[in-house]
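The points below go from one residue to the whole chain.

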Amino acid sequence: MTDVVSPAAGIPKAKSVRRDIGIKRRYAAERRFRAYGIAALSFGIIFLMLLLWSVVSKGYTAFQQTMITMPVEFSQQIIDPQNERATNPQKLMTANYPIVARNALAKLLNVSVDDRVAARAIGQMLSDGVRVQLRDLVVANPAIIGTTHTVTLLASGDIDSAYKGQIDLDVGQENRKVNDQQLGWMKQLSDSGALAKHFNGGIFVNGASSRPEAAGVGVALIGSFYMMLIVLVLSLPIGVAASIYLEEFAPKNKFTDLIEVNINNLAAVPSIVYGLLGLAVFVNFVGLPRSASFVGGLVLTLMTLPTIIIATRAALKAVPPSIRAAALGLGASKMQTIFHHVLPLAMPGILTGTIIGLAHALGETAPLLLIGMVAFVANYPTTPLDPSTALPVQIYMWANEAERAFVERTSGAIIILLLFLILMNVGAILLRRRFERRW
């Protein structure tokens, strides 16, 4: 039996049908694969948007802080009753400034401070941080003692949460930290304009604090800056030098193959292992101080080196062999060929790998916890050897706090960390375009 031949194409009809069916199947497979890719991308974007929405919706309020603006009488009877500020300036540091703030708020609310219950409730509306605020004003200008000045003071964390609508006020006052009397005072102050939300610059400059309204990431930012500086200074030259040797000078034998395999394996080692290594070597053996940015920088350097080495070697391999051959053919030495021609062309990839490695190190928490950077540090570190903490560790510490106001502080710190990571990645893109050369 012979196949029927198609008069139009001269092809047997059965083969033509099979060919058409095969083409349709391939087109259908391509459409399915495209649909799978779009679905995967859509799911990724959806989950990313949910993550960002969760963080931003909880954290944007951390950049606003409820404050009370009122006239404060810097009473000499409370601050300096013996008039000793000229002979004993230390007295100004230990004065009872919370009483000064409480009396000013009670006067603004027209409440007698002789009523101990009401006076205690008024004092609870102000943050303990007013002690530092008023003390700094008096120490900077002792002449204000005995005068009255309008000052904007921090409200307590509970008042801040209530004013931002983060506390359910419909429940009975026995089940919330802000009672009905304080809510009435809040409304009175809000109607008069004394109680309002201001930009919270303290979250960027303040150190650790047990009071959420006075807590900030200032110390953590300084600590992270010191660590990233140490990582950059140590890992970039060491990683580039190691990559140049392995790629351009090292003989190809079993020993160098073993080194390459171990470098690739080190890039996949969990970060907590580097924390254990840093604790054993840098803290216990060498004796470097715990909670120091210098030790954290050394640990993160060890963790970042494999990433930089792998990225640098890939960038060196991407340089065409004709560049090397042309330089050597014109009489350049091996060293001149590498440093004058190969390395400049590989610089975009090296910088990109370095910044990605730094961004990875910036978000690490586990190794820093093991070397003690989880300590409560309220003062700015002046050197990398001073006690400090880091931004991801500060986020971890705030996430474990029981106070409701620390929830927004945690999300606010995450927003700051994400902004730094975005800036670093944008910097990597710009540097790559700046140094990129086409051949």
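Which side chain of opposite charge is nearest to Glu364, and how far away is it?

1. The model is predicted. In it, the nearest side chain of opposite charge to Glu364 is Arg290, 17 Å away. Glu364 is buried and has no salt bridge.

2. As for its location, Glu364 sits in the loop that runs between helix H14 (334–362) and helix H15 (366–370). The side chain of Glu364 makes a polar contact of 2.9 Å with the side chain of His360. When neighbours within four places in sequence are set aside, the contacts of Glu364 are Ser271, Leu300, Met303 and Pro392.

3. The protein has 17 helices and 3 strands. Its radius of gyration is 32 Å, whereas the globule rule gives 22 Å for 439 residues, so the protein is more spread out than a compact globule. Along the principal axes, the C-alpha atoms fill a box of roughly 115 × 65 × 40 Å.

4. On the strands: E1 (residues 64–73) pairs with E3 (residues 195–199) in the antiparallel sense, over 5 bridges. Within that pairing, Met67 has Ala196 in E3 as its bridge partner. E1 also pairs with E2 (residues 148–154), again in the antiparallel sense, over 7 bridges. There, Pro71 has Thr150 in E2 as its bridge partner.

5. Two totals complete the note. Of the 439 residues in the protein, 40% are buried. Among contacts with a separation of 6 or more, 75% are between residues 24 or more positions apart.

Terms used: Residues are numbered from 1 along each chain as its sequence is written. This is a predicted model: local features need pLDDT of at least 70, side-chain atom pairs count only at pLDDT 80 or more; totals for chains, interfaces and linings use all residues. Side-chain values use heavy atoms; hydrogens and water are left out. Helices (H or I, at least four residues) and strands (E, at least two) are DSSP runs, numbered from the N terminus. Buried means under 20% relative accessible area, exposed over 50%, partly exposed in between (1.4 Å probe, protein chains only). Lys and Arg count as positive and Asp and Glu as negative; His and the chain ends are not counted. A salt bridge is a side-chain nitrogen of Lys or Arg within 4 Å of a carboxyl oxygen of Asp or Glu. A polar contact is a pair of N or O atoms within 3.5 Å; within protein, one must be able to donate a hydrogen and the other to accept it, and residues adjacent in sequence count only if both atoms are side-chain atoms. Contact means heavy atoms within 4.5 Å. Two strands pair if DSSP finds at least two bridges between them. The radius of gyration is taken over C-alpha atoms; the globule rule is 2.2 Å times the number of residues to the power 0.38.
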